Amino acid sequence: MGGTVTVTDGKVTAAAVLPVAMRGRLAVVAVLASLVVLLLGVRYAGDTGPGRTDARIGEAAYGVGAPWWHLAHATDFLGDPGGALLLLTAGVVGCLRARRTRAAVLLLLGPGLAVGVTRLLKPLAARTIHGDDNLAFPSGHTAFLTAFALALALLAAGRSGLGPMSGTVLALAAASAAGALMGWAQVATGAHYPTDTVGGCCTALAVVPAVAWAVDRVADARRPHKG
């Protein structure tokens with residue numbers, strides 16, 4: 001998980017976790033994702049059941065048989081505390097072995113804050129599933145896996161020196177694939193409505209670029225620069 005050396009405002013910055021060439025595009029993505037979360041949260045605020053779209057998708061995905069049921073539960077485990085800890089530990093250890101401290105911080109803070117934001121939003125949206133105690137929107141499991149995949153993709157884009165377009169495509173493809181996989185698992189196991197998983201995926205798309213930018217800003221501010 002090495003990084004490339006970039007130059008920002010005349011200052012040398014080593015191993016940026018948010019490639020400079022991608023910042024503008026990912027900022028737009030983050031804003032649009034935030035709007036999707038807001039609109040869905042307002043639309044389904046206080047609901048205790050699925051919407052029309054949720055019902056159609058849920059009918060097709062819920063209650064799948066073997067081996068898909070086992071795959072859904074295995075995927076769901078990756079968003080549980082135990083599974084998330086395994087993924088984060090593997091990622092952070094890999095970054096530290098490669099002496100990528102910034103990358104390790106991003107892998108911890110990006111998914112962690114994405115999940116934290118979903119927990120803050122759930123009581124505001126107050127959408128429930130399977131009883132009043134089960135807040136549903138947005139999905140924390142989906143936010144976690146999407147955020148983890150997005151963080152890894154940003155690091156890969158930086159290491160490979162991808163251009164702004166190809167780097168952004170890689171980041172969005174990785175995040176979308178992870179979000180779709182976990183979203184399907186959440187719907188198949190009956191843990192969430194489909195729109196909850198869209199909200200979780202978009203929460204990660206909004207949070208991770210901001211976290212990556214902040215990690216670079218703080219690291220650059222602490223890094224000594226020779227005149």
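This is a predicted model: local features need pLDDT of at least 70, side-chain atom pairs count only at pLDDT 80 or more; totals for chains, interfaces and linings use all residues.
**First stop: helices α1 and α8**

Please select residues 23-43, which form helix α1, together with residues 194-222, which form helix α8. The axes of these two helices come within 8 Å and cross at roughly 145°. The crossing of α1 and α8 is left-handed. To see the contact, display the side chains on both helices: α1 contributes Arg23, Leu26, Val29, Ala30, Ala33, Ser34, Val36, Val37 and Leu40, while the residues they meet in α8 include Thr195, Cys202, Thr203, Pro209, Trp213 and Asp216. The residues of this contact divide into 13 nonpolar, four polar and two charged.

**Second stop: Thr118**

Thr118 belongs to helix α5, residues 101-125. Next, select Val115: its backbone oxygen is reached by the side chain of Thr118 at 2.5 Å.

Finally, select residues 68-79 for helix α3 and residues 164-188 for helix α7. Their axes come within 8 Å and cross at roughly 115°; the two helices are therefore roughly perpendicular to each other. This crossing is left-handed. On α3, display Trp68, Trp69, Leu71, Ala72, Thr75, Asp76, Leu78 and Gly79, which meet Leu181, Met182, Trp184, Ala185, Gln186 and Ala188 in α7. The residues of this contact divide into 10 nonpolar, three polar and one charged.

How values were computed
Residues are numbered from 1 along each chain as its sequence is written. Side-chain values use heavy atoms; hydrogens and water are left out. Axes are lines fitted to C-alpha atoms, for helices over the stretch in contact, and angles run from 0 to 180 degrees between N-to-C directions. Helices (H or I, at least four residues) and strands (E, at least two) are DSSP runs, numbered from the N terminus. Angles under 35 degrees count as roughly parallel, over 145 as roughly antiparallel, 65 to 115 as roughly perpendicular and the rest as oblique. A crossing is left-handed if the near helix is turned anticlockwise from the far one by less than a right angle, and right-handed if clockwise. Contact means heavy atoms within 4.5 Å. Ala, Val, Leu, Ile, Met, Phe, Trp, Tyr, Cys and Pro count as nonpolar, Asp, Glu, Lys and Arg as charged, and the others, Gly among them, as polar. A polar contact is a pair of N or O atoms within 3.5 Å; within protein, one must be able to donate a hydrogen and the other to accept it, and residues adjacent in sequence count only if both atoms are side-chain atoms.
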